[in-house]
2 protein chains.
Amino acid sequence: MANTDYQLIILGGGPAGLTAGLYAARDQLNVLLVEKGVVGGQVLVTDWIDNYPGFPDGLSGSELVEKMAAQVARFGLKTRNGNVVKVELTEATKKLTLESGEELTSQALIICTGARPNKLGIPGEEKLTGKGVSYCATCDGPFFRDQEILVVGGGDTAVQEADFLTKFASKVTIVHRRDTLRATKVLQEKAFANKRIEFIWNSNVIAVEGEKEVERVRLRNIDGEEKEIAASGIFILIGTIPNNEILPLKQLGADKQGFIKTDGEMRTKIPGVMAAGDIRSKTVRQVINGAGEGAVAAIAAEHYLSDLD
Amino acid sequence: MANTDYQLIILGGGPAGLTAGLYAARDQLNVLLVEKGVVGGQVLVTDWIDNYPGFPDGLSGSELVEKMAAQVARFGLKTRNGNVVKVELTEATKKLTLESGEELTSQALIICTGARPNKLGIPGEEKLTGKGVSYCATCDGPFFRDQEILVVGGGDTAVQEADFLTKFASKVTIVHRRDTLRATKVLQEKAFANKRIEFIWNSNVIAVEGEKEVERVRLRNIDGEEKEIAASGIFILIGTIPNNEILPLKQLGADKQGFIKTDGEMRTKIPGVMAAGDIRSKTVRQVINGAGEGAVAAIAAEHYLSDLD
């Protein structure tokens, strides 16, 4: 057996990483979870989750994370805070280098670094996230029943989700910075035919405003004219960015957007290296399937380690 | 749009089916969940679940099902009891026929019929399931710390899991009805080298005994001699059977064991037909990844239905 600090390191402490940690710690692996910030990932900024099975009345993202963290602690999972700046996977021993220069080695690695939504970076956006500002239609759409909302973006996701959101909202206005959509023709045609969808072209959202929740947004068009629109929600659907900056993508195998490809057992192209959760190349990014993938990745890691013995 | 009773039918009410139902009902689809018995599936007979993320102290299988059922009810999911005897998927309209002769039609179908462990069918086995009798090492292994347990079987799963179980148990005795193992050579060698594993050859377990929990098992060898062995646990690992009896396997695409193959979005070979949970061809069958697959399948169904409009 190689002489490493750990059998398994889990990189990232969102739902996928915590679930991988739960399985690995419960199965007595010598495992460490490394998290850059606080455990929880994207879920932490999620105001309310109605679709994680097992909680009939829903719960806040921070409550769910707290419960998951308590569970892994019960099984003795070691976690540590650390900003990994380098990931070396060419040898049998996987090596992570922290900002401090400290090195951590392991025989197997599960990558759960997640992804983040592209943001507009405008006043009010951060303050009102979860209070009307959303980056996920599947997650938050049902909260906007009979309300008037905005969608920002012109790609496939924005146009498809605008159509989806008309199941709930009384009116959906797509705000796009150009005068044509980038979405595929069939999605465009569906949106144009949907009477609950309106369009505002050649315009940028420059501010989100509201006391405790979103009340209105400010727009500016290409002629520099500004106007205000009343809205109780704004879905910013302008892309998702994988947290892959420190990862050797070519070796791991990634799609065009930089998400990591795996097989059904969450294994990457590199033996002993798995990926789970939002960093994976896939279409659905929800807490429940991220957690499920964490469990599968942990079991794949166990089988890998068991074969090394 | 085709003239069907429902947009979507979900066949089976275990964690995968309930999660698919949660997503579909929350997203306002006209959806029905059909379950043969009571909702919950295999989980219902699970005494205690420690590895479903979000419940730090664990919970019983029936508690988890109750919570999931309350959650889908909150979003108005229609469920009905019905023994489906025929599944027709050749036309755009999917048709299910119940034992009563009644027909149910839909545009899309999610198959979550699950799987069941092969059982020995011996006295005491059913009564003591969850009280020392287990069919899943990953699920229940950690409950047997420092105890002496038995594993029944001689295939890959039995031999690999026997090795895994020595992480917890002080002694694992493999009882096999033949004098050689069917498992691959490398797994066999590992088991033979493991000092905590013992073997009893040419023997069948004929009874599991104990007042409230497993206390001992009765064995009979090929010469007809019987003996008793003290044990607090018995893992019966002699295969998993897909609940596929009513499914058109060739059309759907299945592996050699009869589990349904899907892509990463849970789509089968038949447009509009998804599969999720234990019925899928895969290696890990846990509640958390079954639920995750249910969510992915529901979103795939929505996209399929949206393209039909």
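This is a predicted model: local features need pLDDT of at least 70, side-chain atom pairs count only at pLDDT 80 or more; totals for chains, interfaces and linings use all residues.
Residues are numbered from 1 along each chain as its sequence is written, chains are lettered from A and ligands numbered from 1 in the order in which they are written, and side-chain values use heavy atoms, with hydrogens and water left out.

Chain A, then. An open sheet is formed by 5 strands with parallel pairing, in the order β8-β15-β9-β10-β11. Strands (E, at least two residues) and helices (H or I, at least four) are DSSP runs, numbered from the N terminus. Two strands pair if DSSP finds at least two bridges between them. At the edges of the sheet in chain A stand β8 (133-134) and β11 (197-200); each has a single partner strand, so one side of each lacks a neighbour in the sheet.

Inside the order, β9 (residues 148-152) and β15 (residues 233-236) of chain A run parallel and are joined by 4 bridges. Val152(A) is opposite Ile236(A) in β15(A). Helix α4 (residues 156-165) of chain A packs on this sheet and touches β9, β10 (171-175), β11 and β15 of chain A. Contact means heavy atoms within 4.5 Å. How is the helix directed? The direction of α4 makes about 170 degrees with that of β9(A); axes are lines fitted to C-alpha atoms, for helices over the stretch in contact, with angles from 0 to 180 degrees between N-to-C directions.

Now chain B. Here 5 strands form an open parallel sheet in the order β8-β15-β9-β10-β11. β8(B) pairs with β15 (residues 233-236) of chain B over 2 bridges, in the parallel sense, and Ser134(B) stands opposite Phe235(B) in β15(B).
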